[in-house]
Amino acid sequence: MTATFTVEGLKVAIGAANVLRGVSLEVQPGEVRGLVGESGAGKSMLGRAVLGLLPANAAVTAGRIAFEGRDLLAMAEAERRRLLGRRIALIPQDPMTSLNPVKRIGAQIGNLLRHHLDLSKRTALARAAELLTEVAIREPERVLALYPHEISGGMRQRVLIAMAFACDPALVIADEPTTALDVTVQRQVLQLVERLRLRHGSAVLFVTHDLGVVAKICRSMTVLHAGRVLEEGETANVLTRPRHAYTRALLAATPRADRPAEALRPVPPALIEQLWSEAHRLDDVAAVDAA
Ligand SMILES: Nc1ncnc2c1ncn2[C@@H]1O[C@H](COP(=O)(O)OP(=O)(O)OP(=O)(O)O)[C@@H](O)[C@H]1O
Ligand SMILES: [Mg+2]
């Protein structure tokens with residue numbers, strides 16, 4: 001079986017700084033893989049590299065990204081664009097800034113559908129209303145006529161989820177889709193992603209720093225720190241028998257229903273420091289090798 005998504009030895013640098021230091025991971029068809037790690041680990045950079053949306057001063061310096069066996073980095077730009085939004089979709093980290101503020105919701109979903117699926121304006125709008133119903137938005141016709149600022153943050157996130165799944169993608173990259181939302185809305189959003197990915201048969205790379213979320217919805221997981229994979233495997237195995245000290249520390253810092261809040265221990269700063277100096281040492285070794 002060809003993996004839906006394969007990343008091999010991916011290195012990304014921003015100027016002289018390395019942000020991904022040789023990341024490898026795989027997502028099988030229909031699989032949900034969690035990508036966990038603290039702020040600055042490089043989770044969003046990975047997603048952006050896949051989508052060809054790296055910041056202007058960033059560059060892929062090594063490695064391979066393949067979608068259904070085809071090399072995304074070697075692909076012609078036009079071909080890659082055809083895949084994005086249709087076969088590979090993103091649920092972005094920030095629902096506030098990810099919708100165009102001056103366009104109605106209906107126009108934004110409609111344009112996406114017309115662009116990728118070649119639908120007429122009328123069919124696209126009808127389909128857009130169906131999509132909003134799929135994400136449990138009531139009175140979809142009314143909502144289609146609204147601007148993003150006229151709906152709540154939770155609803156904006158639902159709209160973005162509807163757009164991500166609109167063209168039956170094989171892969172959805174969900175970049176912390178619940179971080180900006182309160183707990184109740186978070187739970188609803190997780191359920192929605194779960195329902196839609198089953199309905200559309202999509203694989204999901206679910207980016208989060210919340211191990212609780214990973215335990216709930218991800219079959220497998222990859223732990224990233226300072227742009228390096230520290231551990232990966234089936235979620236059940238990693239969470240019950242973590243091999244890396246960092247994964248153990250993350251677990252000890254994660255609230256759980258069966259444990260009093262007092263038992264929570266933050267990740268020790270000394271461990272974080274040690275991991276960063278390890279990463280920088282590896283950079284030095286690579287620089288010497290390259291010279
Ligand atoms: N536009 C940018 N220019 C320069 N450096 C950047 C830029 N965006 C991110 N970085 C750096 O790249 C590294 C990885 O950032 P990234 O956004 O991928 O982290 P993340 O794991 O997604 O964190 P978070 O959980 O906060 O979203 C960080 O050290 C960050 O400071
Ligand atoms: Mg991020």
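Which strands make up the open sheet, in what order, and with what pairing?

1. The sheet. The open sheet has six strands in the order E6-E7-E8-E3-E9-E10, and its pairing is mixed. E6 and strand E10 (228-234) stand at the edges with a single partner strand each, so one side of each has no neighbour in the sheet. From one strand to the next the twist averages 15°; axes here are lines fitted to C-alpha atoms, for helices over the stretch in contact, and angles run from 0 to 180 degrees between N-to-C directions. Strands (E, at least two residues) and helices (H or I, at least four) are DSSP runs numbered from the N terminus. Two strands pair if DSSP finds at least two bridges between them.

2. Basis of this note. This is a predicted model, in which local features need pLDDT of at least 70 and side-chain atom pairs count only at pLDDT 80 or more, while totals for chains, interfaces and linings use all residues. Residues are numbered from 1 along each chain as its sequence is written, chains are lettered from A and ligands numbered from 1 in the order in which they are written, and side-chain values use heavy atoms, with hydrogens and water left out.

3. Strand E8. Strand E8 (residues 203-208) is mostly covered, with six of its six residues buried. Buried means under 20% relative accessible area, exposed over 50%, and partly exposed in between (1.4 Å probe, protein chains only). Ala-203, Leu-205 and Val-207 point one way from E8, Val-204, Phe-206 and Thr-208 point the other way, and all are buried. In a regular strand the side chains alternate between the two faces of the sheet.

4. Partners of E8. Strand E3 (residues 32-36) runs parallel to E8 and is joined to it by five bridges. Val-32 has Val-204 of E8 as its bridge partner, and Val-36 stands opposite Thr-208. Strand E7 (residues 171-175) also pairs with E8 in the parallel sense, over five bridges. There, Leu-171 stands opposite Ala-203 and Asp-175 opposite Val-207.

5. Helix H1. Seven of the nine residues of helix H1 (residues 43-51) are buried. These are Lys-43, Met-45, Leu-46, Gly-47, Ala-49, Val-50 and Leu-51. After H1 comes Gly-52, which has a positive phi near 70°.

6. Ligand 1. Which residues are closest to ligand 1? Of the 13 that surround it, the closest are Ser-39, Gly-40, Lys-43, Ser-44 and Met-45; a residue is near a molecule or strand if one of its heavy atoms lies within 4 Å of it. H1 gives the largest share of this shell, three residues. By class, the shell holds five nonpolar, five polar and three charged residues. Ala, Val, Leu, Ile, Met, Phe, Trp, Tyr, Cys and Pro count as nonpolar, Asp, Glu, Lys and Arg as charged, and the others, Gly among them, as polar.

7. Polar atoms at ligand 1. A polar side-chain atom of Ser-39 is 2.5 Å from an oxygen atom of ligand 1. On its own, ligand 1 has 630 Å² of accessible area, and the protein covers 64% of that. Accessible areas come from the Shrake-Rupley method with a 1.4 Å probe; for residues, only the protein chains shown count as cover.

8. His-200. This residue belongs to helix H7 (residues 183-200). His-200 is buried, with a relative accessible area of 14%. Its side chain makes polar contacts with the side chains of Glu-134 (3.2 Å) and Asp-168 (2.4 Å). A polar contact is a pair of N or O atoms within 3.5 Å; within protein, one must be able to donate a hydrogen and the other to accept it, and residues adjacent in sequence count only if both atoms are side-chain atoms.

9. Positive phi. Most residues other than glycine have a negative phi. Glu-176, in the loop between E7 and H7, has a positive phi of about 45° and is buried at 6% relative accessible area. Glu-139, with a positive phi near 50°, sits in the loop between helix H4 (121-134) and helix H5 (140-144).
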